[in-house]
Amino acid sequence: MPAPRIPIVDLPEQTSIVGTDLLVVQNGATTKKMLMSVLTGTGEVSVGPDAPTDASIELWYDTDEPSSALGSISGPTVDTGESYRLIMFSDGTCRAIPVSAEPPGAPTSLTLTIRVNSVKLSWTAGSGATSYRVYRDGVFLTSVTTTKFRDANVTAGQTYTYSVQAVSFYGLRSASTADQTAFVDPALNVTPYIDIRVWPPTSIALGNRAIVRVNAIDVDGQQLAIALGTDVGSLIATADPTVWYLDPA
Amino acid sequence: MTTHTFTGSATDTMGASASDTATINSTASAPPRKVHRSLMQNRLQWGSAVDTSLRGPTFSDAAAEPFLPRSSPPDAITLSMIFQVRAPCRFTGCRVYKAPNATGAISFTLWQSSTLVTGPTSTGTVLGTQSAGTWAVDGGGWRQVTFASPVNLVPGVSYVIGFRSIDGIFAYTQWVWNAQDTVVWPLENKALFEGSGVRSDGSANSATGTYPETVITFPQNHNATNYYIDPQVEWDEPLPGYTGTNTYFDQWANLSLPTRYGFPVAVFLADPPYLPAYVAMGVQMLMGGSPHTGNGQEYLDAMAAMGYSMDWWPYLDAGSGTSTFNPTSELVQLMADEPGLAAAVRGYLLDDEPDLVAPYRSPDLLRAWVNAIRQKDSLRPIYLGFGRFMTRNQGFFGMPVGASMQTVNDLWRQWAGCADVIGCDDYSWYDDNNSSGNFGVWAYAAQIGRLREISDDSKPVWGIVETCARVAGAPVPEDIRKAVWAMLIAGARGLILFDHRFGNDFVTTDFAAMLNDPPMKAMMTTLITRIQSLATALYAADLGLVTAYTSSNTTAGPIGGTFGVPIHYASRSDGTHEYVFAQGIRPGATTATLTIPSWAGLTVDVLDESRTVTVSGGGVLTDTFAADYTTHLYRRP
């Protein structure tokens with residue numbers, strides 16, 4: 001009598017599997033599958049001492065369609081004698097996490113550096129964290145592996161609230177940082193820098209041309225529109241928007 | 001004198017704007033810069049190669065035969081070559097190789113052909129003539145023929161330049177010109193049936209020579225495809241050229257090379273963990289490595305950990321070859337957050353070998369990338385590296401269907417126009433496409449020569465050299481030392497070390513080859529120290545102190561035998577001393593004389609050799625170049 005199929009699409013994030021699924025250990029080298037045990041409600045399984053040291057765990061349906069895998073367990077090599085909690089994530093992946101594994105420490109000191117078109121987040125690492133999840137206005141934004149992130153998708157005049165959550169090697173998550181709020185004030189816009197330079201630097205003969213170069217940068221990273229004029233002679237535009245030739249005649 | 005005032009503005013997307021002004025004076029008329037070019041210039045300047053079909057004229061098949069009269073009694077013959085130009089320019093003359101026993105009054109004529117392909121049905125209009133004097137039996141060699149009146153040349157017309165040999169003796173070879181046109185912009189020879197030689201003989205020869213209409217096909221004894229006639233042109237270039245010194249980089253606000261670099265020495269795409277070791281041996285810059293992709297954070301962390309003691313020309317393209325090129329914004333903000341990073345980022349690496357990918361990345365695409373960079377940050381110059389085929393003036397890999405050497409050369413020039421500093425990844429000591437073996441040191445000088453050619457000497461050229469053995473035992477450290485000097489003497493104004501050892505074309509097995517090769521590392525560390533001690537001189541414009549040279553090894557002559565050992569040289573000053581750097585630029589030993597009139601009677605130091613050389617009262621410095629590609633560094637006390 002086949003066991004009922006588990007509707008994985010309805011599984012919420014980080015929900016332990018319960019049910020009557022079969023758990024198998026797959027020998028990566030031979031793809032040989034060995035029946036380990038039957039889960040009966042806790043979502044935990046002990047890997048037997050005879051399991052291959054390079055084994056991984058797969059979660060399988062017990063259906064009349066054998067070979068229909070829910071997905072591979074990502075993460076570490078299975079240690080024999082260890083108990084694992086099986087977690088199916090909403091994206092369809094599943095993981096085997098040692099029962100003894102602890103969530104990472106929460107990141108602290110979330111600091112925002114606000115520019116007119118970006119908000120830079122930096123924070124202090126949480127213990128045991130291997131990555132961080134960044135949330136904006138309570139919505140997941142991105143995952144990063146460093147302790148900083150720049151949100152360049154902001155609109156001047158808007159206010160945003162950020163928080164960060166640490167993630168462990170096994171995918172366990174910490175508590176979030178305290179929310180930090182950023183008002184992207186249009187008044188923060190920094191005036192571009194410009195420095196016009198001519199080469200050769202001092203003088204040219206009438207029959208020659210000078211290169212006039214506009215050195216410009218916007219520390220906010222905005223694209224600049226460049227314009228140049230001269231009182232005597234003519235300027236010849238080039239394919240480079242910051243370079244003109246002076247024809248002095 | 002007129003003062004020109006420029007007023008410019010930069011406006012961001014939110015409407016904030018700033019402006020600045022600058023001035024320059026124009027003075028009474030002076031002639032524009034003249035750019036000179038000849039079809040054989042690189043081949044002759046840097047020495048020629050074994051494989052003539054692609055890389056230079058061979059003189060190996062020029063035995064006694066071509067120096068003998070064509071018949072008895074001898075008949076006069078007119079020998080010439082046919083060429084076109086790709087842009088308006090002026091024909092100024094030519095070089096010609098005189099056969100040792102060629103004699104008689106010699107006159108050169110430039111014709112315009114009635115058809116684009118010269119042949120029996122074409123006729124020629126004389127555009128100019130010039131006497132080359134009266135030849136006598138001598139050692140033979142190259143002769144300069146300068147026309148008293150330059151002749152204007154225009155695209156789309158075939159020109160024929162030739163001379164009349166009274167006694168029917170001339171130098172020739174069946175090779176030199178490939179089966180396809182060769183372009184040394186704006187000159188291009190017309191490959192007519194695998195050659196460019198055109199002749200006219202028989203009783204119809206007039207005193208000044210008859211228009212040659214007999215196309216020479218290969219192979220034909222005596223007729224051959226090349227008569228060693230090297231047409232020369234010049235044109236006016238109103239834009240400033242680059243002949244040396246750091247003032248070029250004053251165009252950018254963020255670069256102060258003289259104090260920062262001495263002589264720029266970079267490593268290409270080294271991995272972050274190795275950067276401190278390169279800095280410790282005198283390398284100042286990292287070329288490549290992206291702050292945005294892959295291990296970008298590792299680069300940023302490594303730079304910070306080093307206290308930004310290494311400069312960086314990051315690679316901004318994600319390598320996708322697409323037009324989605326906009327990472328500058330993020331880097332600009334990173335630099336705004338971290339002044340140390342802002343000071344370390346000295347320029348940008350635009351692209352790596354756009355001409356060596358399939359399909360090629362078009363100049364239009366690269367211009368779009370330049371625009372994307374400049375509109376975010378125009379404080380920093382942009383570097384572009386070419387693929388190896390540019391050096392050898394060959395190659396259609398990835399090019400459009402139907403591309404010709406004209407097409408490819410035009411593209412190379414356009415790519416060069418996209419960047420402010422250029423280089424070429426031509427690792428000439430080992431080339432898996434060269435079935436006849438490795439190239440050699442001469443190709444490194446040719447690399448610089450070609451880069452200068454395609455950019456019309458308008459921007460700095462940085463030389464690239466591999467600091468690893470790419471095949472077992474080759475190159476060794478001494479080979480690389482010679483290659484570096486070949487590039488410096490040829491006019492390289494910077495040096496980029498390529499330190500990846502390849503397992504094959506597509507697999508890099510060692511990303512820090514030199515660091516794991518103590519002899520190579522020791523040589524390069526010593527060499528960098530020497531280069532920095534000469535930095536001002538190596539960066540300076542050439543003084544032109546050497547007026548002539550001879551080389552005793554004329555095994556080839558340059559005609560006859562194998563190759564001979566030409567000497568190439570540069571003369572510079574650092575404000576305290578004058579220097580002449582000289583190198584035998586072909587394999588073999590030779591004794592050379594360098595005529596340096598201003599050094600007459602002086603005893604000069606030979607750096608790194610613990611010896612001196614006394615220049616004769618006539619200004620002739622004589623020295624032995626004892627081994628392949630021997631280099632001597634002479635310093636006036």
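Chain A has 0 helices and 22 strands, and chain B has 14 helices and 32 strands. Helices here are DSSP runs of H or I with at least four residues, strands are E runs of at least two, and both are numbered from the N terminus. Before I go on, this is a predicted model, in which local features need pLDDT of at least 70, side-chain atom pairs count only at pLDDT 80 or more, and totals for chains, interfaces and linings use all residues. Residues are numbered from 1 along each chain as its sequence is written, chains are lettered from A and ligands numbered from 1 in the order in which they are written, and side-chain values use heavy atoms, with hydrogens and water left out.

Next, the chain totals. Of the 249 residues in chain A, 43% are buried. For chain B, with 637 residues, the figure is 59%. Buried means under 20% relative accessible area, exposed means over 50%, and partly exposed is in between, with a 1.4 Å probe and protein chains only.

The accessible surface of chain A is about 11,600 Å², and 52% of that belongs to carbon and sulfur atoms. Chain B exposes about 21,700 Å², with carbon and sulfur atoms supplying 54%. These areas come from the Shrake-Rupley method with a 1.4 Å probe, and for residues only the protein chains shown count as cover.

Now contacts, meaning heavy atoms within 4.5 Å. In chain A, 52% of the contacts between residues at least 6 apart in sequence join residues at least 24 apart. In chain B, residues 24 or more positions apart account for 74% of the contacts with a separation of 6 or more.

Two residues give examples. S131(A) lies in strand 11 of chain A, residues 131-136, and is buried at 17% relative accessibility. Beyond its neighbours within four places in sequence, S131(A) touches V144(A), T145(A), Q165(A), A166(A) and V167(A). T11(B) is in strand 1 of chain B, residues 2-11, and is partly exposed at 24%. With the neighbours within four places again left aside, the contacts of T11(B) are Q223(A), L224(A), A225(A), A16(B) and S17(B).

On to aromatic pairs. How many does the structure hold over all chains? There are 28. Rings of Phe, Tyr and Trp (its six-membered ring) pair if their centres lie within 6.5 Å; planes under 30 degrees apart are stacked, over 60 edge-to-face, and the rest tilted. One pair is Y135(A) with F140(A): the ring centres are 5.9 Å apart and the planes stand at 70°, so this pair is edge-to-face. Y135(A) is buried at 15% relative accessible area, while F140(A) is partly exposed at 36%.

In chain B, the rings of W142(B) and Y228(B) have centres 6.0 Å apart and planes at 80°, so that pair is edge-to-face. This pair links distant parts of the chain, with W142(B) in strand 8 (residues 141-153) and Y228(B) in the loop between strand 13 (214-215) and strand 14 (229-237), 86 residues apart. W142(B) is partly exposed at 23%, and Y228(B) is buried at 0%. There is also an aromatic cluster made up of W199(A), Y242(B), Y248(B), F249(B) and W252(B).

Staying with chain B, why is helix 6 described as largely enclosed by the rest of the structure? Because 7 of its 10 residues, in the run 328-337, are buried. Those are T328(B), S329(B), L331(B), V332(B), Q333(B), L334(B) and M335(B).

N516(B) sits in the loop between strand 24 (507-510) and helix 13 (518-533) of chain B, and is exposed at 54%. N516(B) and C468(B) are 48 residues apart in sequence and 9.5 Å apart in space, C-alpha to C-alpha.

Last, the cavities. A search of the whole structure finds 3 of 30 Å³ or more. On a 1 Å grid over the protein atoms alone, a cavity is a set of points where a 1.4 Å probe fits but cannot get out, and lining residues have an atom within 4 Å of a point. Volume is the space filled by probe spheres set on the points, which are joined across faces, edges and corners.

The second largest cavity holds about 40 Å³. Its lining is F268(B), L349(B), D351(B), D352(B), Y383(B), G385(B), D425(B) and I464(B). The largest share, 3 residues, comes from strand 18 of chain B.

Notes
On a 1 Å grid over the protein atoms alone, a cavity is a set of points where a 1.4 Å probe fits but cannot get out, and a pocket is an open set with protein on both sides within 12 Å along at least five of seven lines; lining residues have an atom within 4 Å of a point.
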